[in-house]
Amino acid sequence: LSGLKHFNSQRNHISIDGCNDVIVSGLHIFAPEQSPNTDGIDIAGSTNIQVMNSVIQTGDDCIAINTLCSNINITGVTCGPGHGIRFDIRTKLFKKKSSIHTNNFYDVLIPLDCSACDPQPLD
C-alpha cells in the first residue's frame with residue numbers, strides 16, 4: 001500500500017487485520033483534530049508489518065497496535081495532533097517495545113511475538 005491520501009474518514013482509515021508481510025509507505029492520512037475514533041492505521045492479528053515514511057494527522061490514534069501482533073516496524077512516521085502510537089495494554093506490549101519519539105516523529109520496532117501474551121484486566 002503506497003502513495004495514497006485518505007481524508008476525513010468517518011472511522012479508522014486503514015485496518016490491517018490477520019495479515020502477513022505488509023508494507024505501507026508514503027501515506028498521508030488526515031482527519032480533523034476534534035474527530036473521534038479516526039485512527040490512522042489499526043493493526044491486529046498481523047505479523048511482519050512495515051509502516052514507513054508517512055504523515056498521519058488524525059483526532060485519535062496515529063497507529064493502534066492491537067493484540068496478536070509481531071514484528072511491527074514503524075519508521076519515519078509523523079503523527080499529530082492525535083494520540084500518537086497506541087499499544088494495546090492488555091498484551092503488556094508497552095513494557096517490551098523499543099521506541100524513539102521526538103516531536104511527533106516516530107521510529108518504533110516491535111520484534112516480539114505477542115500471540116501468547118497474558119491479557120490483563122483493564123483498570
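A: Let's begin with a stretch to treat with care: over residues 91-103 the pLDDT stays under 50, and the model gives this stretch 23 contacts beyond four places in sequence. Here pLDDT is the predictor's confidence in each residue, from 0 to 100, and a contact means heavy atoms within 4.5 Å. Residues 111-123 also have a pLDDT below 50, with 21 contacts in the model beyond near neighbours in sequence. Where pLDDT is low, the predicted coordinates should not be read in detail.

This is a predicted model, in which local features need pLDDT of at least 70 and side-chain atom pairs count only at pLDDT 80 or more, while totals for chains, interfaces and linings use all residues. Residues are numbered from 1 along each chain as its sequence is written, and side-chain values use heavy atoms, with hydrogens and water left out.

For the chain, the average pLDDT is 77, and 72% of the residues score at least 70. Confidence is lowest in strand β10 (residues 98-102), with a mean of 46, and highest in strand β3 (residues 20-25), at 96. Strands (E, at least two residues) are DSSP runs, numbered from the N terminus.

Now to the sheet. It is an open one of 4 strands, in the order β2-β5-β7-β9, with parallel pairing. Two strands pair if DSSP finds at least two bridges between them. At the edges are β2 (14-17) and β9, each pairing on one side only. Neighbouring strands of this sheet are turned by 10 degrees against each other on average, direction ignored; the axes behind this angle are lines fitted to C-alpha atoms, and angles run from 0 to 180 degrees between N-to-C directions.

Let's follow the pairs. The parallel strands β2 and β5 are joined by 4 bridges, and I16 stands opposite I43 in β5. On to the next pair: β5 (residues 41-44) runs parallel to β7 (residues 63-65), with 3 bridges between them, and I41 has I63 in β7 as its bridge partner.

Some of these names return in the largest nonpolar core, which has 21 residues; I41, I43, V51 and I63 have the most contacts inside it. A nonpolar core is a set of buried Ala, Val, Leu, Ile, Met, Phe, Trp, Tyr and Cys residues joined through side-chain atoms within 4.5 Å, where buried means under 20% relative accessible area, exposed over 50%, and partly exposed in between (1.4 Å probe, protein chains only). Two or more residues come from each of β2, β3, β5, β6, β7, β8 and β9, and β8 gives the largest share, 4 residues. In soluble globular proteins, nonpolar side chains tend to be buried together. Zooming in on I43, its contacts outside four places in sequence include I16, I49, V51, I63 and I72.

Finally, a few backbone details. N53 lies in strand β6 (residues 47-57) and has a positive phi of about 50 degrees although it is not a glycine. N53 counts as exposed because its relative accessibility is 53%. P81 sits in the loop between β8 (70-79) and β9 (85-87), and the peptide bond from G80 to P81 is cis, with omega near 15 degrees.
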